[in-house]
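Colleague: I am new to this one. Please show it to me, and then I will ask how each label was reached.

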Amino acid sequence: MTFTIIRADQAGADVRTQMAEIFADGFTQWLHYFSKDRNRIAKAFAHMFVLDQFYVALQDGQVAAMAACTDGTATSVRLDSAQLRKHLGLIRGTFAGMVLQKEFEQLLHNPGGDKCSIEFVGTALPYRGQGAASAIIQYLLQHAAFKEFLIEEVADTNEPAMRLYAKLGFQEYNSKAMPEKHARKNGINRLVSLRYMKP
Ligand SMILES: CC(C)(COP(=O)(O)OP(=O)(O)OC[C@H]1O[C@@H](n2cnc3c(N)ncnc32)[C@H](O)[C@@H]1OP(=O)(O)O)[C@@H](O)C(=O)NCCC(=O)NCCS
């Protein structure tokens, strides 16, 4: 399948809604504490995407996949606690804001002009396994004006993601062992940091 890759802020009115659905279906490990209702999650988080930091792969006008590419000095998402509380309720919304701000709004430790952080890579369920995520990342590797591409904190158990990045030439350069309690609970042993250097 061939995909058209464009920046999300140039993709039309419905892009934010479709990105939020990809997020709700793809990042459940962060989200199921706040609501089990996928549509509620999508509505609650749709506000957060900073569209000019994201690229999307389009197929027949639909968003098949998304990925952010930032220079690490500004975040690709911005959480608004009022929006979270509106959709998730006072307690869960407040809690989601506190927990996820720390997880999602991370800057690169040592940002520089030639480095990019790839974040929030996700493919819509009907398009999985058809090359959409590969297309978007390959586009970034070819067209984004950076030399070094980093993907931080991939769960070692996320086989689709680990294989995708390995296939595109990313290599592990760091990893963090998960505390044993977490490892037992969610099966993740390590969070892996990956890097691709342009030849
Ligand atoms: C990871 C993810 C983005 C892959 O997207 P995708 O568009 O389906 O990936 P592609 O079709 O481009 O696949 C490229 C390669 O990834 C690997 N891959 C993709 N899906 C896979 C799966 N279910 N199991 C094992 N490997 C898989 C394969 O190596 C594949 O190459 P192949 O088709 O030649 O075998 C998608 O599964 C997803 O959205 N997951 C949920 C969100 C997530 O975990 N994001 C990553 C956070 S770090």
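Colleague: In which helix does Pro160 lie?

Modeller: Pro160 lies in helix H7. Helices here are DSSP runs of H or I with at least four residues, strands are runs of E with at least two, and both are numbered from the N terminus. This is a predicted model, in which local features need pLDDT of at least 70 and side-chain atom pairs count only at pLDDT 80 or more, while totals for chains, interfaces and linings use all residues. Residues are numbered from 1 along each chain as its sequence is written, and side-chain values use heavy atoms, with hydrogens and water left out.

Colleague: Why is Pro160 called exposed?

Modeller: Exposed means over 50% relative accessible area, buried under 20%, and partly exposed in between, with a 1.4 Å probe and protein chains only. Pro160 has 65%, so it counts as exposed.

Colleague: Is Ser117 buried or exposed, and how do you know?

Modeller: Ser117 has a relative accessible area of 3%, so it is buried. Ser117 is found in strand S4.

Colleague: What makes the pair Ser117 and Glu119 a polar contact?

Modeller: A polar contact is a pair of N or O atoms within 3.5 Å; within protein, one must be able to donate a hydrogen and the other to accept it, and residues adjacent in sequence count only if both atoms are side-chain atoms. The side chains of Ser117 and Glu119 make such a contact at 2.6 Å.

Colleague: Which residues come nearest to the ligand?

Modeller: Gly129, Gly131, Ser134, Asn158 and Lys167 come nearest, out of 18 residues around the ligand. A residue is near a molecule if one of its heavy atoms lies within 4 Å of it. A polar backbone atom of Gly129 is 2.7 Å from an oxygen atom of the ligand. For Gly131, a backbone N or O atom also lies 2.7 Å from a ligand oxygen atom.

Colleague: Which element gives the largest share of the shell around the ligand?

Modeller: H7 does, with six residues.

Colleague: Why is the ligand said to lie between two domains?

Modeller: Domain 1 (4-145) and domain 2 (147-199) both give residues to the shell, so the ligand lies between them. The domain bounds come from an automatic or database domain assignment.

Colleague: How many disulfides does a search of the whole structure find?

Modeller: The search finds zero. A disulfide is a pair of cysteine sulfur atoms within 2.5 Å.

Colleague: What makes Cys116 buried?

Modeller: Its relative accessible area is 0%, so Cys116 is buried. Cys69, at 9%, also counts as buried.
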